[in-house]
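User: I have a model open and would like to talk it through with you. Could you take my questions as they come?

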Amino acid sequence: MIYPLLPAFVTGVLGGGAGALGALDGAAEFAAAVVKLGAGRLADRATLRGPMIVLGYFIAVVVRPVIAVTGAAWQVIGLRVVDRLGKGLRTPPRDALIADLTPAELRGRAFGLQRGMDHAGAVLGPILAWWLLASGSAGLRTVSGASAAPGVVVLVLAMWAVRERGGLGRLGEARGGSDRSAQPPLTSSNLPQPSHVSPLLAISAFYLLRMPDTLIILRSQQLGVPVAVVPLLWAAVHVVRSASSFAGGAASDRLGPRQTMWLGWLVYAILAVGMARAGSAAAAWGWFLGLGLVAGLTESPERALVARLAGAHQGSGFGLYHGVTGFAALVGGVALGVVFQRYGAGAAFLASAAGGMALVLAWPVVGRAGRE
C-alpha cells in the first residue's frame, strides 16, 4: 500500500527530489544488508528461525504506518531504514528454511513459488490504495496509516505459523547437509573460492547497476501516469513479477540458474533502454510491465544458486548473499539517483542499461572461469 506512493509523497508532499528517492532505496537496502549478515549466521540455528521471522514482521507493522505523520524526506528515509531492518532480520531465516526443506532439484521451483506468492500479495495492497485515493475518501497520509490493518493480520498469521509449524525448523536442520557434500559452503570464511566469488560478484554487479523501483515509478509519473493510478501500475507490475517468478523458477531447474540469470540481465538491459526513450504514459506502462519479467528471471535463480553453494550453512550463505547485494543496491541507488536528478531520467536509464549489457557480455567468460 505504501511503497508505490513513496515517490509522490517524498517529491510532492515533502518536497524532495530524485536524489532523495535514490538515497531512500539505497539507505534502506544498506540497513537491511547489515542486519542480514548477522541474521544469516543466527539462522544457521534452526530453532531461532521462527522467532526471527516474527520479530522481523513485527518491526514492519509498527514502523510503516508512522510514515503517515512525517514532515520531511529525511524522516521517511529513517523510517524506511528501520522497516528494512525488520526485513533484514526475517529474510535469511526464511530462505534458509525453504532451501533446507526442498530437494536440490526442485529449489528453483520452490523459490519461484515463494517469490511468485510474494509478488501476488503485493498486488492487493496497491489496488486497495488506488481505491482509497480514487474514491476521494483518503489522501496519501491516510493510506499510509491504514496499512497498519493488514500488517496486524500478517503478524498474527506469522505467529500462528511459527507455533503450529515449529517442527519445520527441526526438520530442516535434520535434512541440512543431506545433498550438499559435493562442494564447500558459501560463507565468509571460504568465500575466496573462484566458484563462489564469480556468481556472487556478478549478482552484486546487477544490484549495483539496476534502477531502483522508486526511480522507475518517478519516471512513470514524469511520463504522465497520475499519482492516483500509480498503485494500479504497481499492482500490474507485480502480476507480471508473480507469473514470471513461477516460470523463472522452473527455468532455473531446467536450464540452470546461471543461464536463467543471464537471460534476465539481457532482458533488463533492453527494457531499460526502452524506459529511457519512452515518451508517453502508455509507453511507461508497457516498459514498466516488461521490467516485471526481470524479477521472475533473476530472483528465483539467484536463490537457487546460493542454496547450492551454501552447503550445510544455509543461513550464513543467504545472509552473505543478501548482505553483499544490499550494499551494492545502496551504492547503485544513490549513484543513479544523483544521475537522474542532475542529468535527467534518460541518462540514468541509459547508464543502467549500459552496465547491464556489460554484465551480459562479461558473464559467459567470468562464469566459465568460476566453474573451472
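**Talking through the model**

Analyst: Setting aside its neighbours within four places in sequence, V334 is in contact with G22 and A23. Please keep in mind throughout that this is a predicted model.

User: Where does V334 sit, and is it buried or exposed, or partly exposed?

Analyst: V334 has its place in helix α14, and with a relative accessibility of 34% it counts as partly exposed.

User: How far apart in sequence and in space are V334 and G19?

Analyst: V334 and G19 are separated by 315 residues in sequence, while their C-alpha atoms are 6.8 Å apart in space.

User: Let me step back to the whole chain. How many helices and strands are there?

Analyst: The secondary structure of the protein chain consists of 15 helices and 0 strands. Of the 372 residues in the chain, 53% are buried, and the chain exposes about 14,700 Å², of which carbon and sulfur atoms supply 68%.

User: And what share of the contacts comes from residues 24 or more positions apart?

Analyst: Among contacts in the protein chain with a separation of 6 or more, residues 24 or more positions apart account for 84%.

User: Back to helix α14, then. What does T325 touch?

Analyst: T325, which is found in helix α14 (residues 314–343), touches I203, S204 and Y207 if residues up to four places away in sequence are not counted. A polar atom of the T325 side chain also lies 2.8 Å from the backbone oxygen of Y321.

User: Why does T325 count as buried?

Analyst: T325 counts as buried because its relative accessible area is 4%, and the cut-off for buried is under 20%.

User: What about F327, where is that one?

Analyst: F327 is also placed in helix α14, and at 32% relative accessibility it counts as partly exposed. Together with F30, V34 and L37, F327 forms a nonpolar patch on the surface, and the accessible area of these residues together is about 300 Å².

User: Which helix gives the most to that nonpolar patch?

Analyst: Helix α2 (residues 18–42) gives the most, contributing 3 residues to the nonpolar patch.

User: Are F206 and Y207 buried or exposed?

Analyst: F206 is buried with a relative accessible area of 0%, and Y207 is buried as well, with a relative accessible area of 13%.

User: Which residues do the ring pairs link into a cluster?

Analyst: The cluster linked by ring pairs contains F206, Y207, W265, Y268 and W363.

User: Switching to charges: how many salt bridges are there?

Analyst: The count comes to 9 salt bridges. Among them is the one between D95 and R303, whose closest N and O atoms are 3.5 Å apart. D95 lies in helix α4 (residues 73–101) and R303 in helix α13 (residues 281–310), so this pair ties together parts of the chain that are 208 residues apart in sequence.

User: Are D95 and R303 buried or exposed?

Analyst: D95 is buried, with a relative accessible area of 0%, and R303 counts as buried at 7% relative accessibility.

User: Which residue does D118 form a salt bridge with?

Analyst: D118 forms a salt bridge with R115, the closest N and O atoms being 3.5 Å apart. Both residues lie in helix α5 (residues 107–134), 3 residues from each other, which is about one turn of the helix. D118 counts as partly exposed at 35% relative accessibility, whereas R115 counts as buried at 7%.

User: And what about R115 and E299, how far apart are the closest N and O atoms there?

Analyst: R115 forms a salt bridge with E299 in which the closest N and O atoms are 2.8 Å apart. As R115 lies in helix α5 and E299 in helix α13, this pair ties together parts that are 184 residues apart in sequence. Both R115 and E299 are buried.

User: Last one: which residues are linked in a network of salt bridges?

Analyst: R64, R80 and D83 are linked in such a network.

Key. Residues numbered from 1 in each chain as written. Predicted model: local features only at pLDDT ≥ 70, side-chain atom pairs only at ≥ 80, totals over all residues. Heavy atoms only, no water. Helix = DSSP H or I, 4+ residues; strand = E, 2+ residues; numbered from the N terminus. Buried < 20%, exposed > 50% of the residue type's maximum accessible area, 1.4 Å probe, protein only. Contact = heavy atoms within 4.5 Å. Areas by Shrake-Rupley, 256 points an atom, 1.4 Å probe, with all protein chains shown as cover. Polar contact = N/O pair within 3.5 Å; in protein donor to acceptor, adjacent residues only side chain to side chain. Patch = residues over 30% accessible without salt bridge, like charges linked within 9 Å, V, L, I, M, F, W, Y side chains within 5 Å. Salt bridge = Lys/Arg side-chain N within 4 Å of Asp/Glu carboxyl O. Phe/Tyr/Trp six-rings, centres within 6.5 Å; stacked < 30°, edge-to-face > 60°.
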